[in-house]
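Biologist: Could you walk me through this one and tell me what stands behind each label?

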Amino acid sequence: MAAYLPACRVTLLPHHYDVLILGAGPAGTAAALALHGHGLRVALVDKARFPRDKVCGDAIPGPTLTAIRRLSESWYQELVAVQPQAPAKASRLVGPAGQELVVHWQNPTFNSPRQDFDFQLLQLVRRHTQTTILENHAVRDVRTDEQGVELVFADPTQPPLSARLLLACDGANSVAVRKVLPRPLDRRYHCAAVRAYYTGLTGFDEHTSEFYFLRDFPAGYCWVFPVGGGVYNVGFGLLSAQVAERRIDMKQALAQLLKQHPQLAGRFAGARQLSEVAGFGLPLAGRRLPLAAPGCLLAGDAASLIDPLQGHGIDKAVISGMLAAEQAVRCFRTQDFSLAYLRQYEAAVQQKLGRRLQRSYRFMRLLAAWPGLLQVGFWLARQPGLLHRLVRLIS
C-alpha cells in the first residue's frame, strides 16, 4: 500500500502521532488494523491492561468476522481460532406464551467471552502492525481543535499525547464524547442489562443460543449463550426508559427469571454461578447523531451504534472502526482535516449502518408499544416460507 507522509510529521516528537485511537476494544483494534500499511504513526490507548473483562452477551455476530476477513484472510484465521468459544449454529427463540422457534445459521459465527475475544483482536494489532500500544492509560481530558488533539492522562507521570486526528472508540462511557461531543442521556435510546456466568446447566445445547421474550418486559429479553467448556453467559436486558419508569432492580429481575420462568427454572436448579452479576449500559442506535468534531471521529459504542432490536454492537464497532480508519487515510492523503471533510465519515456510517439501525429501532419501539405483535410474529414464522423472510427483516 502507498505510504502517506503528512506535513505534520515533520514534528517527530516522542509523544506526537498522526492518529491516536482511544479504546482498544473491537472498534479501536479494527481501526488500527485498517490503518496498517499506510505509513502513519499510530498509537492505540486504553485505560485497562489486557486481557480484561468486558460485560457483554459474548455473541460474536457473523459480520464481525466477515469484516476482519476483508482486511486479511490470515488475520481472520487467527481470530476464529480464539479459545474458549462455542460455535453458534442455531438460535432458539421462546415467546411470552412458550412458543418456540429455532433458526439455523449458515454463516460462521460463535460465542466467546469478550475477555478472550478482545485480547485476540489486540494481539492481531500487536503481531501484525507497527501500532504503539499503550495499556493502563486512563484519560482525564481530551482537547481538540482544527489543528489536532491532545490526550491528558489521569496519571500525571504519563506525558500527554498529541496527534493530528483522534479516533474515539472508548465505549459506552466515552470520555471523548463527554469532552468533545457531550450529549445528555436519553433513556429512549439506551438499554440497561445485567450478566453473569454459570455452569452446571441441564438441557441446553452448547451450539444453540437461547432468547426468552417476556410478557412483563416487552422491550427486553433474557438470554442464555454458551461460551465453551460448559460455561454460559446468562443475562437480561431492558430499555432504560422502562427500567426507570418501573424502578426495576435488574439483578433481582434476572434472579427471579431463572427461578420462576417455566422453561428456565428446572434447567438452572443445579447451576453454579461463576461470577458476580454485573450491570452495563448500551447506547442504542436509531437516531442520527454527530460523529465528527474538529480533530475527532467517534466509532463503536462511543458512536451509539448498538442494534436496538438484537442488542449487539461488536459488528457495528468493527465496521465503524474500519470506516473511521478509511476516513483518516483520506484526510492524510488530501491534507484536508476540516470538519466538513471529516463529516464524510458520518455519511459513510449512515449509508453502511444507519438506515438499518434506524429501522431496527422503529421495530423495537413498535414491539414495546404493542406486545401482541410478538405473538403474531411467532405465528407468522411458523407459516411455510415466512420464517426466512422474518429472519432477514430482523437480522
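What follows is a chat about the labels and the numbers behind them.

Modeller: Ground rules: this is a predicted model, where local features need pLDDT of at least 70, side-chain atom pairs count only at pLDDT 80 or more, and totals for chains, interfaces and linings use all residues. Residues are numbered from 1 along each chain as its sequence is written, and side-chain values use heavy atoms, with hydrogens and water left out.

Biologist: What makes the radius of gyration agree with a compact globule?

Modeller: The rule is 2.2 Å times the number of residues to the power 0.38, with the radius taken over C-alpha atoms. For 395 residues that gives a value near 21 Å, and the protein has 21 Å, so the two agree. The C-alpha trace spans about 65 × 40 × 40 Å along its principal axes.

Biologist: Why is Gln85 called buried?

Modeller: Buried means under 20% relative accessible area, exposed means over 50%, and partly exposed is in between (1.4 Å probe, protein chains only). Gln85 has 17% relative accessibility, so it counts as buried. Gln85 sits in the loop between helix H3 (73-79) and strand S4 (86-87); helices (H or I, at least four residues) and strands (E, at least two) are DSSP runs, numbered from the N terminus.

Biologist: How do you know that the Gln85 side chain has polar contacts with Val80 and Val82?

Modeller: A polar contact needs a pair of N or O atoms within 3.5 Å; within protein, one must be able to donate a hydrogen and the other to accept it, and residues adjacent in sequence count only if both atoms are side-chain atoms. A polar atom of the Gln85 side chain lies 2.7 Å from the backbone oxygen of Val80 and one lies 2.9 Å from the backbone oxygen of Val82.

Biologist: And why is Ser360 called buried?

Modeller: Its relative accessible area is 4%, so Ser360 is buried by that cut-off. Ser360 belongs to helix H10 (residues 344-369). Beyond four places in sequence, Ser360 touches Asp307, Pro308 and Leu309, where contact means heavy atoms within 4.5 Å.

Biologist: What makes a set of residues a nonpolar core?

Modeller: They must be buried Ala, Val, Leu, Ile, Met, Phe, Trp, Tyr and Cys residues joined through side-chain atoms within 4.5 Å. The largest such core has 84 residues, and Val19 and Leu35 are among those touching the most other members. Helix H8 (residues 314-334) gives the largest share, twelve residues. A second, separate core of 50 residues includes Trp223 and Phe225.
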